[in-house]
Amino acid sequence: MSRALSLRRSLLHLHHHRTKPLSPTTPPPPKSIQNPFAPLYPTRKFCTSPTPIPSTNSEFRKYIGYTALVIFCGAATYYSFPFPGDAKHKKAQLFRYAPLPEDLHTVSNWSGTHEVQTRNFYQPENIEQLEKLVKENNEKKSRIRPVGSGLSPNGIGLARSGMVNLALMDKVLEVDKEKKRVRVEAGIRVQELVDGIKEYGLTLQNFASIREQQIGGIVQVGAHGTGARLPPIDEQVVSMKLVTPAKGTIEISKEKDPELFYLARVGLGGLGVVAEVTLQFQISTPFRKDHNWAAAFCNDFGLSAFIMTFVGKSLGVENNGTFKSYIHSSIDHLLKVVSIFLSRKLLSENKHVKYLHIPYTDAVVVVTCNPVSKWKGPPKYKPKYTTNEALQHVRDLYKESLETYRIAAAKSSDDNEPDINELSFTELRDKLLALDPLSKDHVVKINRAEAEFWAKSEGYRVGWSDEILGFDCGGQQWVSENCFPAGTLAKPSLKDLEFIEKLKQLIEKEEIPAPSPIEQRWTARSQSSMSPASSTAEDDIFSWVGIIMYLPTMDARQRKEITEEFFHYRRLTQAELWDKYSAYEHWAKIEVPKDKDVLAALQERLRRRFPVDAYNKARKELDPNRILSNNMLEKLFPLSETN
C-alpha cells in the first residue's frame, strides 16, 4: 500500500510539472505555419536523409535491446509481485517497501497484530490544546480516535483516519493523602503514577500483568488484575473529566450524573476523550508472592494419604479403615472434591490468586500474593533448585530440538545468536516454539518442559505490590480472554473449574497445538455497566480465562499460519463454551469478524449482555459526528435512527 501511495503522489507531481502554465514574463513560443495541404496525421520522420539499407550491426543492437528489456521486465515482475501461499519455492526479496512519506505515521499495537497508517496523529500537551483539537475536528467532522499505549491485542484504539494520544499529558495533579485519592492526567502510565506517589505511601489497589498502560486506556477497556475480593480497575475511578465533541469538557462522578458516570467509566473511548481521572488508592505495604506447583490428578499413595488426612480433618472424620477404603475406591472423585475445596480456600484466604494451567499436562501453577504480616518474618524456606538447575532441562530440549530440525549448524555459525544460558524461561519458550509452532507433538514437549520448570521453581519473594503483581507474558501473541460469573465466595458455582476442565478436554480432543499457559484470574463485580464483570449483586465474583498463541517469528507466512490456527482455536472455544458459561470477551481482546452473519450474531449477543442502546444514545448526544469512533466501534455498536 505504501508503494501505491508513493507512486500515486509521484505521478501527480509529474503531471502538474508538465502542465504548469508559463509565467507572464515568459514570451510565448512562435506559432508555426502549417502546410494546409499536409495530411491530418503526418508520419513522423526519424531522419532527413534517404533511408539507408539496414546494416547487420544495427539490427543486432536492436534485438539485444529488446532482449534486455524482456529480461528486465521479467525480473521486475518476479521481485515485485507475491507468489501464491502454496508456492513451493521461497520468494526472493530484492526490496520490500518504498520509503514512506514524511507525514505518514505508522502505528501498531505491541503484538504487531494490528497496524494502521495515518497522516493525522495528535499529541496535545494540556487540556486546553485537547479541547481546541476536539472542537476543530468536530467542526470539520474529522475523526481523531483516542489511543493509549497500543498494548491492546485487538488494537481497539487504532484508526486510519486519525488518532489523538495523551502521552504528553502525564502529570500527577493532586494528592489527597487523607482520603487516599489522586487526580492525574489520563496520559500518565501506570508505572510512572506509582513511582510518582510512593513518597505519600499510597499505591493502586490492583494491577494488570504489565505497567505500561496509560491510565485513560486501562480504565476505558475495563482492564483487571486478580483477586476475588478486588474489582476491575475501573471501580477505582472516583470521577473523570471528559472532553466531548458536542458538550465540551464535562466532569462526571457518582454524585454528578451517576448514570453517565457508570456508563463512561468503561466507555471504550467512544463517549469522550478522558482527560483527567481521580482514583481511589490504598496504603502501600510489602507483599509476598508465592509460586506453587501442583498436579491436578495424581494417583500415588502419598497424595492419597495427604487427601485422607486433609479431608478427614476438614470434615471432622477420623482416619479409620472405612474412610481409608472409601478414599482409595473413589480417588478420582475425591481428588476433584479436594481441588474444589482447595480452590475455594485459596480464593477466600488470599488477596491475589491466579492459576496457570498447562495444556496436555495435569499441572497447574498457583500464584498467590498477600501483604506481609508485621508480626511474622519471612518464612524459612530454601529452594531445592537454583535458577540454572530449573532451566537446564529446557535448554537441553532446545538443543535437542535444534538437532531434530537440523538447524544447529546454522545457529552455531550465527554471530547474533544469543547464548542460551543467558535467556529467561519465556525467551527459551519463544525460541522453542519458533522451530515448529503448529506441531502438536512439539508444543506438548514444550508444555511438559514448562511444567517441570515450574515444579523446580517453587518458592516466594517479597516486594512492593507494583513489583510482584506483574507477570512476564512472553513475546508477541494472539490472546482471547473471557469473563464469566462464578457465583459468590460464600457460595461458588464451581463454573470456573468446570470451564477449565472442558477447555482442556476440547484442546486434547481437537489436537490443538495450544501453548502454555491458560491463565485464570478472578475479580469481584464492577458497577460499570459496560464492564464484562458488571453486576448489581455486591457479592458476585467473576472468573477471567485467557487462551494464547505466541508469534515467535517475524516470517510473514508463518505468522499468518499461526493466526489462522489461533482463530480456529478461538472458534472452537466459542462454540463449545461461551454461551454455556455466559462468557464474554475482554474489550481489548475482542476481534471483529469479517463474515456478515457472524458479525450480526456477535452484535445480538452483545445486546443481551450490555446496555447497547443506552451506550449508543450517549454516543449520539456526546459525539454526534462520531469523530471519536473507529471501524471496531462502528461494527460492534452500529448506530441507527432508532438508537
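1. Starting with confidence: the chain averages a pLDDT of 81, and 75% of the residues score at least 70. Keep in mind that this is a predicted model. By element, the lowest mean is 35, in helix α7 (residues 301-315), while strand β20 (residues 584-585) has the highest, at 98.

2. Two stretches call for some caution. Residues 295-331 have a pLDDT below 50, and the model gives this stretch 38 contacts beyond near neighbours in sequence. Over residues 83-97 pLDDT stays under 50 as well, with 18 contacts beyond four places in sequence. Where pLDDT is low, the predicted coordinates should not be read in detail.

3. Now the overall picture. The chain holds 19 helices and 20 strands, and 44% of its 643 residues are buried. Of the contacts with a separation of 6 or more, 71% are between residues 24 or more positions apart. The accessible surface is about 35,500 Å², with carbon and sulfur atoms contributing 54% of that.

4. On to the cores. The largest nonpolar core counts 67 residues, and those with the most contacts inside it are Leu130, Leu193, Ile215, Leu268, Met530, Trp587 and Phe637. Phe637 is a handy place to look around: setting aside neighbours within four places in sequence, Phe637 touches Leu268, Met530 and Trp587, and also Leu606, Val612, Tyr615, Asn616 and Arg619. Apart from this core lies another, of 27 residues, including Ala363, Val367, Ala390 and Ile420. In soluble globular proteins, nonpolar side chains tend to be buried together.

5. Glu235 sits in the loop between α5 (215-220) and β9 (237-244). Its relative accessibility is 18%, so Glu235 counts as buried, given that the cut-off is under 20%. Beyond four places in sequence, its contacts are Arg265, Arg525, Ser526, Gln527 and Ser528.

6. Helix α13 is worth a look. Its 16 residues (440-455) reach 22 Å from the first C-alpha to the last, close to the 22 Å expected at 1.5 Å a residue. The buried residues of α13 include Val443, Val444, Ile446, Phe453 and Trp454, but also His442, Asn447 and Glu450. The C-alpha of Ala455 is 8.3 Å from that of Ala390, although the two are 65 residues apart along the chain; Ala390 is one of the residues of the 27-residue core.

7. There is an open three-stranded sheet, ordered β3-β5-β4, with parallel pairing. β3 (121-122) and β4 (145-146) are at the edges with a single partner strand each, so one side of each has no neighbour in the sheet. Two bridges link β4 to β5 (residues 163-164), and Arg145 has Met163 as its bridge partner in β5.

8. Last, a hairpin. Strands β6 (residues 172-176) and β7 (residues 181-185) pair in the antiparallel sense over four bridges, with Asp176 partnered by Arg181 in β7. Four residues lie between the two strands, and Lys180 in the turn has a positive phi of about 60°.

Technical notes: Residues are numbered from 1 along each chain as its sequence is written. This is a predicted model: local features need pLDDT of at least 70, side-chain atom pairs count only at pLDDT 80 or more; totals for chains, interfaces and linings use all residues. Side-chain values use heavy atoms; hydrogens and water are left out. Buried means under 20% relative accessible area, exposed over 50%, partly exposed in between (1.4 Å probe, protein chains only). Contact means heavy atoms within 4.5 Å. Accessible areas come from the Shrake-Rupley method with a 1.4 Å probe; for residues, only the protein chains shown count as cover. A nonpolar core is a set of buried Ala, Val, Leu, Ile, Met, Phe, Trp, Tyr and Cys residues joined through side-chain atoms within 4.5 Å. Two strands pair if DSSP finds at least two bridges between them. The expected span of a helix is 1.5 Å times one less than its number of residues. pLDDT is the predictor's confidence in each residue, from 0 to 100.
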